[in-house]
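Please look over this protein model and follow how its side chains meet.

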Amino acid sequence: MMPRVAVMGGSVGGLTAALVLRDAGCDVTVFERSSAALQARGAGIAALEATLRYLTERGGRQVADVCSSTNWIRFLRADGGVRHEQRHRYLFSSWNTIYRSLLGLFDPARYLLGREVTGFSPSADSVRVTLADGSATDADLLVCADGVSSLGRARLLPEVRPSYSGYVAWRGTVPEQALPATTRERFGDAITYQVLKDSHILVYPIPGLDGALTPGERLVNFVWYVNVAEGGELDDLMTGQDGIHRAVSLPPGAARQSAVAAMRQAAAGELAPSIAEVVTGVAEPFVQVVYDIAVPRMAFGRVCLIGDAAFAVRPHAAAGTAKAAADGWALAAELAAAGGDVPTALGRLERGQLALVQALLARCREIGDSSQFGGTFRPGDQRLIFGLYEPGN
């Protein structure tokens with residue numbers, strides 16, 4: 001008999017897990033603390049196979065329904081000339097597009113908004129899940145898919161702490177139609193990089209806020225990795241104009257105007273003109289702190305950690321969303337193979353996924369450090385090709 005499953009966290013990783021577990025015959029409920037459907041303004045993602053797998057295999061969607069594509073990898077010099085280019089096809093989407101598409105395939109009565117999990121108590125046969133409103137529910141399996149700031153991880157592995165990489169990512173999007181025609185054309189069919197001293201930036205097209213995929217109606221997304229010293233400098237950057245310090249990310253509109261102005265000034269002075277047009281044209285850029293998080297275990301009897309709740313990897317392989325989705329698929333497969341025996345399935349999940357994610361974590365650290373500290377980030381390097389399992393895969 002397949003188990004009753006509670007999924008803590010209703011983001012892309014939690015939703016994918018909920019969908020594949022439901023399809024495997026589990027009785028699944030998702031508990032999402034947000035009171036409204038989630039939204040990540042301006043978050044572009046490279047869409048790897050694992051990210052799209054549910055939508056294309058079981059959701060009736062075509063890749064072209066949710067992704068833009070590019071056929072070139074291009075590196076620019078500071079003067080805007082082409083330093084290096086090579087043919088390579090990538091798919092790009094937005095977090096919003098993938099999330100909305102998955103959410104539409106799940107029973108809304110089982111996706112509970114405004115239901116924050118505040119605690120859980122495992123026993124030999126079940127897990128009691130406690131909610132912020134004082135209510136509780138019982139499940140045979142609790143899947144903690146609650147992200148970088150995971151309550152599940154904090155309860156199960158209090159000794160595990162995020163490790164700061166030494167740099168942050170400035171991010172944002174601008175409508176294609178707001179850019180000059182020559183700039184639109186330059187970025188329309190390529191992921192475009194510029195390598196700077198102890199830094200790099202990448203720019204690529206993603207679907208519009210309404211999911212539009214027609215060239216001219218999309219967004220252009222940038223990610224700029226900038227070193228920021230730990231301590232006072234980082235704390236100052238991550239304190240928003242409302243005076244609130246946020247450890248992980250400052251959402252659009254939250255960064256202090258002085259920080260945004262300094263970033264734009266640096267962009268105008270250091271970036272290729274077309275890239276600078278994108279960066280300085282973003283109305284509300286946002287900041288994400290780049291962390292490494294690694295757990296020694298993912299399985300705890302009837303509780304497991306998946307996605308960023310288990311491992312947060314640097315974005316350089318563009319595999320974070322794919323990793324979370326792959327965890328969900330692996331969990332469903334192990335439960336089916338074990339005939340619904342939760343402890344057995346979780347033990348197998350852990351053995352299979354730990355090695356994969358540890359290798360991904362090491363690869364992303366190497367890429368990030370080569371750019372930000374080592375000076376060995378080179379155009380054309382095969383290591384830079386996106387992929388979950390290895391470059392290009």
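## Rings that meet

A search of the whole structure, which is a predicted model, turns up 10 aromatic pairs. Take F92 and Y204. Their ring centres are 4.2 Å apart and their planes stand at 15 degrees, so the pair is stacked. A stacked pair needs planes under 30 degrees apart. The two residues come from distant parts of the chain. F92 sits in strand β5 (residues 82-94), and Y204 sits in strand β13 (residues 199-206). They are 112 residues apart.

Residues count as buried under 20%.

Now turn to Y164 and Y291. Here the ring centres are 6.3 Å apart and the planes stand at 65 degrees, so this pair is edge-to-face. Planes must be over 60 degrees apart for that label. Y164 lies in strand β11 (residues 163-175), while Y291 lies in strand β16 (residues 286-292), so the pair ties together parts 127 residues apart in sequence. Y164 is buried at a relative accessible area of 13%. Y291 is buried too, at 16%.

Rings can also gather in groups. Y90, F92, Y204 and F386 form one aromatic cluster. The stacked pair of F92 and Y204 therefore belongs to this cluster.

A ring can also meet a charge. The charged end of R53 sits over the ring of W329, at 3.6 Å from the ring centre.

## Charges that pair

Side chains of opposite charge can pair when their charged atoms come close. How many salt bridges does a search of the whole structure find? It finds 20 salt bridges. Three of them are set out here.

| Salt bridge | N to O distance |
|---|---|
| R4 and D140 | 3.0 Å |
| D23 and R58 | 3.1 Å |
| R218 and E176 | 2.8 Å |

Start with R4 and D140. R4 lies in strand β1 (residues 4-8), and D140 lies in the loop between β9 (136-139) and β10 (141-144), so their bridge ties together parts 136 residues apart in sequence. R4 is partly exposed, at 35% relative accessibility. D140 is buried, with a relative accessible area of 16%.

Next come D23 and R58, whose side chains meet in a salt bridge. This pair also links distant parts of the chain. D23 is in helix α1 (residues 12-23). R58 is in the loop between α2 (49-57) and α3 (63-66), 35 residues apart from D23.

R218 lies in the loop between β13 and β14 (219-227), and E176 lies in the loop between β11 and α6 (181-188), so the pair ties together parts 42 residues apart in sequence. Are R218 and E176 buried or exposed? Both are buried.

D292, R314, R365 and D369 are linked in a network of salt bridges.

## A buried charge without a salt bridge

R153 is found in helix α5 (residues 151-156). R153 is buried yet has no salt bridge. What is its nearest side chain of opposite charge? That is D146, 6.7 Å away.

The side chain of R153 does reach backbone oxygens. One belongs to G147, at 3.3 Å. Another belongs to D308, at 3.2 Å. Leaving out residues up to four places away in sequence, R153 touches a set of residues that includes V148, P158, I293 and L305. G147 and D308 are also among them.

## A residue in helix α8

A266 lies in helix α8 (residues 257-270). A266 is partly exposed, with a relative accessible area of 23%. Which residues does A266 contact, leaving aside neighbours within four places in sequence? They are W224 and L271. The C-alpha atoms of A266 and Y54 are separated by 41 Å. Along the chain, A266 and Y54 are 212 residues apart.

Note on methods: Residues numbered from 1 in each chain as written. Predicted model: local features only at pLDDT ≥ 70, side-chain atom pairs only at ≥ 80, totals over all residues. Heavy atoms only, no water. Phe/Tyr/Trp six-rings, centres within 6.5 Å; stacked < 30°, edge-to-face > 60°. Helix = DSSP H or I, 4+ residues; strand = E, 2+ residues; numbered from the N terminus. Buried < 20%, exposed > 50% of the residue type's maximum accessible area, 1.4 Å probe, protein only. Lys NZ or Arg CZ within 6 Å of the ring centre and 35° of its normal. Contact = heavy atoms within 4.5 Å. Salt bridge = Lys/Arg side-chain N within 4 Å of Asp/Glu carboxyl O. Lys, Arg positive; Asp, Glu negative; His and termini not counted. Polar contact = N/O pair within 3.5 Å; in protein donor to acceptor, adjacent residues only side chain to side chain.
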